[in-house]
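Please look over the sequence and the model before reading on.

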Amino acid sequence: MNRRTLLLAAGAYALARPTLAQTPTQAPGAFDNSTPRRLAAALARSPFVAADTKLPDAIDRVTYDQYGGIRFKPERALWANQKLPFTAEFFPRAALYRARVDIFEVKAGQATPIPYSPDNFDYADPALRVPDSIGYAGFKLRTPMNRPDVYDEVAVFLGASYFRAVGRNQVFGISARGLAIGTGNAREEFARFTTFWLETPQPGVNQVVIHALLDSPSTTGAYRFTIRPGHAANETTIFDVESALYPRTDIAEPGIAPLTSMYLFDNKDARRYDDWRPAVHDSDGLVITNGYNEQLWRPLSNPRDLQISAFSDTSPHGFGLMQRSRAFGTYQDLQVSYERRPSLWVEPIGDWGQGAVDLVEIPTANETNDNIVAFWRPREKLAAHGEYSFTYRLHWGTDRPAPTALGRVVSTREGNGEQPNTRVFVIDFQGDALKNLPPDARTRVDFSNSAGTLSTVFSIPNPETNGWRISFSMDPGTAKLVEM
């Protein structure tokens, strides 16, 4: 875990601090797939109560470095030494993660609380060991992904409703969230997972099931995550997500399957940054396969002002934030390995109807803040006292599933034009559909632009990439923003 990951989960987010919710009391006992939904529906009929975030003085003001020095003992992990394909380790509460989550193990239809003990941790600073039963803030899952004898971290659930995962041979980067509410405005609300149930995995089965209860001032929710880690045959880690929401109030700006990432700069805007690296980002573009099976690529930006874009659609086939370049030379950073950060693709299951994929880009001056959010926004509000179900599949890997054989954008560059107030754009495409085009092929560049004037358009083969390149000049005139 690096500093940016910790800050994100703690709520040091570029928009606002999360609103924390009260953890309900869940007694041990019988449990089945309907239990979280019944609890969420019942909780939605009660007024929201904020969480008690008081902590003992010793851990009330811990720093990032101090918190990193508190480590769960692997030998005390859930399912350790049971010859099962997964183990679970837990994070303590502290100033960075003040809210308690209840965590249960589910075995043979019975839910049993996972007890907290300060003896479960090693402390680099012994003063941070408090005898109080402060409880846990979240957990991580481990499984053999890269070597059969080593249990690697595959997923982390920590902070608000955030969770992260990696595919085989990857490092943590982009995050997902249970739900987004009002993202992009000052009234953003951060729902929180308050309770988790971890089903005991089956021997020899590359799958584990996690249930979660969500709460916030506006809604409650029940989630079921079926997690299948990447392996040698399929390096992508897959989450099947089944969710049910029970709004307390009308939610005018819901965000379904929200993704959160970081984009600071790359070669198209590196001149703004005095940095020794050529690019710094966890993701470099938004990809959408819309309901008409068209492919849309939107390169990310780190804008000077908050920027929100909406891509209207009906029944999308999928969308995701991609990290396209897998070459070390693109980033040149040995410590954080941006070339090994996962792309994250959302595959809706069922008909999601009308709505839009929203992209929120937030100005940031450094890589410690995640400043990119993408999610599905239904056209209609989520009405109070209703029930809304969304099922989808998350793919954490190097690319989206079944990459297209058509041409796709692999790089976008821009710079000053020859005439005053103009910008030159150069876009490279690659793909199977382009490999066999003859050099004299008559290609047509189809533009639409919201303002300004386009000129000096070229479309030529790129023999260095076995692809195709287009370039053009843009004179924005008096427009401050131009969508092309």
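## Basis

This is a predicted model, in which local features need pLDDT of at least 70, side-chain atom pairs count only at pLDDT 80 or more, and totals for chains, interfaces and linings use all residues. Residues are numbered from 1 along each chain as its sequence is written, and side-chain values use heavy atoms, with hydrogens and water left out.

## A four-stranded sheet

Strands here are DSSP runs of E with at least two residues, numbered from the N terminus. Two of them pair if DSSP finds at least two bridges between them. An open sheet is formed by four strands, in the order β27-β28-β30-β29, with antiparallel pairing. Its edge strands, β27 (408–416) and β29, each pair on one side only.

Strand β28 (residues 423–430) is joined to β30 by seven bridges, in the antiparallel sense; R423 has M474 in β30 as its bridge partner. Strands β29 (residues 453–462) and β30 (residues 467–475) also run antiparallel, with eight bridges, and I460 is opposite R469 in β30. The hairpin of β29 and β30 has four residues between the strands, and N466 there takes a positive phi near 60°.

## A buried lysine

K73 lies in the loop between β2 (70–72) and β3 (87–92). Leaving out residues up to four places away in sequence, K73 touches D119, N120, F121 and D122 (contact: heavy atoms within 4.5 Å).

K73 is buried (under 20% relative accessible area, 1.4 Å probe, protein chains only). K73 has no salt bridge (a side-chain nitrogen of Lys or Arg within 4 Å of a carboxyl oxygen of Asp or Glu). The nearest side chain of opposite charge is D122, 4.1 Å away; Lys and Arg count as positive, Asp and Glu as negative, and His and the chain ends are not counted.

Note on methods: Buried means under 20% relative accessible area, exposed over 50%, partly exposed in between (1.4 Å probe, protein chains only).
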